[in-house]
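Me: I am new to this structure. Please take me through the terms used for it, one by one.

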Amino acid sequence: RQMCIRDRYNTLATDRNELVAVEVPVSWRNSDWVVLDKQGKKQPAQWLTEDGISKLLFRAQVPSAGYASYAIRKAEDKQSGTLKAERQKDGTFRMESDLYTLVLNPSKGGVIESLKAKAVRGKEFVDNRNERGFNELRGYFIDEGGFLSSMDQPAEVSVLEQGPLFVKVAVKGKIGKYSFTQTIRLTQGAVSYTHLRAHETRHDL
């Protein structure tokens, strides 16, 4: 079985090298698939599920004012190589891509304890001398009569997605009685991002 993709168009005047998501049948997840470019070269691919829809993610290179064709076919062997996301002996959680190394501290509400950029000689972006945490959630709560911080309670960190293109974790913690969930994703060849969802037992904030 093979699926041909030819609608990766680029209307810009510069070449583009970006991640592309293609919707595929859910049943495909029962098999391993590989993405091939026009020359037959294998491209790293990774499954992604959004709102119950299965997608295959891969990196596409498309020339300026042109298009590129790719084929998806069943793989003869499993893909090797994934981005790192693992718990360390000291209890912290380490994520790594080709551009960044990121360390989360679950004991401090899942704050980012270290964020280093490999492209600039391992530059550290986190100031650990500051009493406030990097990626900390903090605010004044009227009903509680004071400031509350996500660092006041430990958080739970779990891996949601892990593969050759990106790794994503969820940080589940609390600010006082209010629960929150942050998702942090590192993508191969791209910057990271965080997404926050905060909620109370009865309703979303």
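Me: Where is F134 found?
Reply: F134 is found in the loop between β12 and β13 (138-141). Strands are DSSP runs of E, at least two residues long, and helices are runs of H or I, at least four long; both are numbered from the N terminus. This is a predicted model: local features need pLDDT of at least 70, side-chain atom pairs count only at pLDDT 80 or more, and totals for chains, interfaces and linings use all residues. Residues are numbered from 1 along each chain as its sequence is written, and side-chain values use heavy atoms, with hydrogens and water left out.

Me: Why does F134 count as partly exposed?
Reply: Its relative accessibility is 34%. Buried means under 20% relative accessible area, exposed means over 50%, and partly exposed is in between (1.4 Å probe, protein chains only). So F134 counts as partly exposed.

Me: What patch does F134 form with V120 and F125?
Reply: A nonpolar patch on the surface, with about 260 Å² of accessible area together. Patch residues have over 30% relative accessible area and no salt bridge; nonpolar side chains (Val, Leu, Ile, Met, Phe, Trp, Tyr) are joined within 5 Å, like charges within 9 Å. A salt bridge is a side-chain nitrogen of Lys or Arg within 4 Å of a carboxyl oxygen of Asp or Glu. Areas come from the Shrake-Rupley method with a 1.4 Å probe, and for residues only the protein chains shown count as cover.

Me: What makes the rings of W28 and W33 a stacked pair?
Reply: Rings of Phe, Tyr and Trp (its six-membered ring) pair if their centres lie within 6.5 Å; planes under 30 degrees apart count as stacked, over 60 as edge-to-face and the rest as tilted. By this rule there are 4 aromatic pairs. The centres of W28 and W33 are 4.0 Å apart and the planes are at 10 degrees, so the pair is stacked. Both residues are buried.

Me: How is the pair of F141 and Y178 described?
Reply: It is stacked too, with 5.4 Å centre to centre and 20 degrees between the planes. F141 is in strand β13 and Y178 in strand β17 (residues 178-187), 37 residues apart, and the pair links distant parts of the chain.

Me: Why is Y178 called buried?
Reply: Its relative accessible area is 11%, so Y178 is buried.

Me: Which residue lies over the face of F147?
Reply: R138, at 4.4 Å from the ring centre. A charge sits over a ring if NZ of Lys or CZ of Arg is within 6 Å of the ring centre and within 35 degrees of the ring normal. R185 lies over the face of F166, at 4.5 Å from the ring centre.
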